[in-house]
Amino acid sequence: MKFKSFNGGVHPKDSKEYSKSSAIEVMDIPKKVVIPLSQHIGAPANPIVKPGDRVKTGQLIAEPSAFVSLAMHSSVTGKVTKIAMNPHPGGFSSMAIEIETEEQDEWVELIDDANYLDLSAEEIKLRIGNAGICGMGGAGFPTLIKLSPPADKPIDTVILNGVECEPYLTSDYRNMLERPKDIIAGLKIIMKTLSAKQGYIGIEANKLDAIKLMTDLTKNDKDIYVVPLKLKYPQGAEKQLIYACTKRKVPNKGGLPSSVEVVVQNVGTAIAIYEAVRYKKPLIERVITVSGRIVKNPKNIQARVGTAFSELVEKCGGTTEEIGKIISGGPMMGFALPDLDAPVCKTSSGLLLFNQKEARSLEEHACLRCGRCVDACPLNLLPSFIASAVKYKDWDMAEKSGVMDCMKCGSCSYVCPAHIKIIQWVDIGKNQITAMRRTAKS
Amino acid sequence: MKNKTIVSSSPHLHDATNVKYVMWHVVIALMPALIAGIIFFGFSALTITIYSVIAAVTTEALIQKLRKKPITVSDGSAVITGILIAFNVHANSSWWLVVVGSIFAIAIGKHAFGGLGYNIVNPALLGRAFLLASWPTRMTAGWAKTQFGELSGITIDNIPAVAKDLVSHATPLGVANMLRDPEIVTSIGADNVYSVFTHLTDFSTLNNLFWGNIGQCIGEISAFALLLGAIYLLLLNIIEWRIPAFYIGTVFVLTYFFGGIDGFMSAPITIPLFHILSGGLLLGAFFMATDMVTSPITKKGRIIFGIGAGIITVVIRLYGGYPEGVSYAILIMNLFVPLIDKFTSPKPFGEVKA
């Protein structure tokens with residue numbers, strides 16, 4: 001088997017052994033859910049319910065408020081109790097709709113459209129938009145927009161991201177093993193909608209069984225290729241995945257995959273798309289990996305959106321040691337949270353718990369100029385220059401060194417022997433330069 | 001009760017390296033060369049090294065104490081500087097020579113610029129340059145013979161009588177340098193010059209150079225020991241191959257073409273090996289040119305750095321007054337590093353014209 005890849009990157013231990021062999025378990029419906037209005041990139045959704053309203057499972061409770069926005073649905077049957085600020089798994093607070101659950105799980109009406117592949121592209125997009133689907137790999141870009149490229153920019157290739165390069169996470173892996181046909185159905189729907197000529201499914205080398213399964217199931221589809229990829233972080237980053245599969249380079253300075261005629265979707269998103277198009281089922285649940293050395297029984301849990309992280313930990317039997325760090329997402333790009341109060345969102349791929357020792361903060365030393373960050377950067381930027389430019393407020397230098405192009409994969413920081421918190425400096429630089437640009441415009 | 005959890009910026013994983021890891025592994029990698037020095041020169045090699053290390057570490061601790069900064073001598077970087085200063089003098093040197101060299105290296109070469117990470121030239125090389133400028137005779141004469149062989153590595157019996165004196169008081173590179181001196185050519189006769197040159201580059205001399213049975217600086221004598229350490233660092237990914245490969249490669253190519261005593265292409269095929277194995281080239285290429293703080297951070301930059309150091313080394317060895325040019329070559333290239341980095345910054349992935 002030939003494994004493709006990209007230049008740069010790092011090799012953290014994949015730590016998937018904790019949860020990779022646990023089949024997806026469906027979580028009981030919690031007594032209460034908290035559904036943030038902002039689970040995606042773009043404007044927060046507009047609530048269309050008020051406290052006291054009774055809602056069914058799958059009922060629309062907030063509408064997209066702009067072109068780049070997302071519909072939200074109730075993930076349970078029950079009564080809206082309040083709409084207020086709540087902890088968000090992104091590490092901040094946001095407006096959220098709180099719903100108290102009733103015993104009966106009463107769904108809105110679903111359909112079964114067995115001929116879903118015969119639907120028009122317009123109808124498919126309508127169903128995807130109505131289902132409130134966004135990218136489920138982490139960033140949460142509204143899927144409808146990705147599937148509506150401008151007329152002058154046709155898409156010829158769809159890539160499904162089954163790489164899951166973040167250590168610990170196994171939710172995509174379990175989905176590929178347990179629902180491969182739904183994933184392939186989702187891919188076909190996307191390809192049809194975009195009139196794409198070819199579809200790829202990129203999977204990393206540490207998931208050979210998934211590679212084999214997907215290859216077997218697509219052997220009669222002449223336009224679908226399973227692409228085995230080298231085990232290297234960040235293989236699942238959009239630009240790196242596109243490059244590995246097609247050798248095309250997405251332009252920097254804000255270029256989108258569509259400029260090289262590619263659309264990338266996560267395998268989990270493909271399942272959501274399939275369910276939305278065939279059954280009109282809105283995106284109200286997802287698979288999330290709960291893992292870490294100190295988690296008693298690490299699991300892959302299918303949970304309703306809005307389920308509190310603390311309940312997931314409880315389902316895994318709690319922890320064997322005192323928690324030192326709570327990470328929402330993967331360990332390379334995820335957010336550290338102060339507590340377990342935040343809820344599962346459409347983008348929540350993982351919840352990791354570290355012990356005190358794994359959580360310890362490493363002290364920053366002066367840069368040794370060893371250049372490891374430069375070698376590791378998959379985007380060929382100069383991470384150490386960015387860090388020092390931001391530190392000394394040299395915004396021009398920071399921009400020249402590529403701060404705005406940085407996708408914050410963290411490879412640089414991972415290998416830095418001086419433990420410089422490069423991503424933290426990048427964040428400061430991005431915020432400052434964005435603010436300065438905004439001021440310059442007005 | 002709620003646990004106290006740490007909230008920090010991603011990534012939340014880190015590989016096993018840190019400053020100490022890097023520096024102490026370099027110290028370990030220098031040990032074979034030190035052992036070779038002790039084997040060939042006796043315990044004076046060890047005592048000189050210990051004096052040097054103590055001076056370097058004490059100076060660093062004192063300066064940090066005076067500046068009310070955290071004392072970081074345990075990171076191992078001052079230990080490396082101390083070892084390298086000792087490695088750059090011969091085994092007959094006085095103890096105070098390395099002590100002065102180490103104090104200068106740490107105080108001026110390192111801490112005057114702000115300490116580890118901020119220095120612009122390799123502190124140990126600056127220390128050596130200071131010693132060479134201040135006590136040129138002590139640094140270039142009075143070489144210690146090894147316990148087993150000749151200073152120049154040449155088997156003395158094969159040498160014409162008139163040249164024996166010349167060969168027995170100089171290092172291999174010293175001999176090579178003298179053979180280019182018109183006065184010496186006149187005094188011992190052209191035929192004898194050829195004879196000495198042939199012996200200087202024959203297999204038995206190369207063999208002595210490789211194992212270390214020659215008179216050179218303490219850390220430079222055994223190419224074998226230095227290569228052991230170099231392989232260790234390469235395998236641990238602590239040094240990167242580009243600088244040493246292009247440095248040594250450049251010396252190889254240039255000395256092949258210009259290394260003879262009769263002009264272009266007049267040298268025997270062994271002359272590049274002679275130049276690689278003698279003097280401080282291997283020590284410099286693997287342990288000093290690769291000093292991360294003072295070498296380029298880009299891959300292309302490291303190639304340019306290596307080639308530049310190679311050219312300067314060969315020019316000094318073949319056409320300069322000094323027999324050896326490694327330390328000046330690296331020091332000069334150190335100064336070019338910011339410029340090299342500026343012009344070799346990698347093309348961002350998917351670069352588009354703005």
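Predicted model: local features only at pLDDT ≥ 70, side-chain atom pairs only at ≥ 80, totals over all residues.
Across the interface, 54 residues of chain A are in contact with 35 residues of chain B.

The most is given by β15(A), with five residues. Sorted by class, this side of chain A has 30 nonpolar, 14 polar and ten charged residues.

Within chain A, the axes of helix α1 (residues 121-130) and helix α7 (residues 267-279) come within 9 Å and cross at roughly 110°. Because angles of 65 to 115 degrees count as roughly perpendicular, α1(A) is roughly perpendicular to α7(A). The crossing of α1(A) past α7(A) is right-handed. From α1(A), A:Ile124, A:Arg127 and A:Ile128 meet A:Ile273, A:Ala276 and A:Val277 of α7(A). By class, this contact has five nonpolar residues, no polar residues and one charged residue.

In chain B, helix α2 (residues 44-66) holds B:Thr49. B:Thr49 counts as buried because it has 24 C-beta neighbours inside 10 Å, where 20 or more are required. Apart from neighbours within four places in sequence, B:Thr49 is in contact with B:Leu34, B:Ile83, B:Ala86 and B:Ile218. B:Ile218 lies 169 residues from B:Thr49 in sequence, with a C-alpha to C-alpha distance of 8.8 Å.

Key: Residues numbered from 1 in each chain as written. Chains lettered and ligands numbered in written order. Contact = placed C-beta atoms within 7 Å. Helix = DSSP H or I, 4+ residues; strand = E, 2+ residues; numbered from the N terminus. Nonpolar A, V, L, I, M, F, W, Y, C, P; charged D, E, K, R; others polar. Axes fitted to C-alpha atoms, helices over the stretch in contact; angles between N-to-C directions. Parallel < 35°, antiparallel > 145°, perpendicular 65-115°, else oblique. Left-handed = near helix turned anticlockwise from the far one by under 90°. Buried ≥ 20, exposed ≤ 12 C-beta atoms within 10 Å, placed from the backbone.
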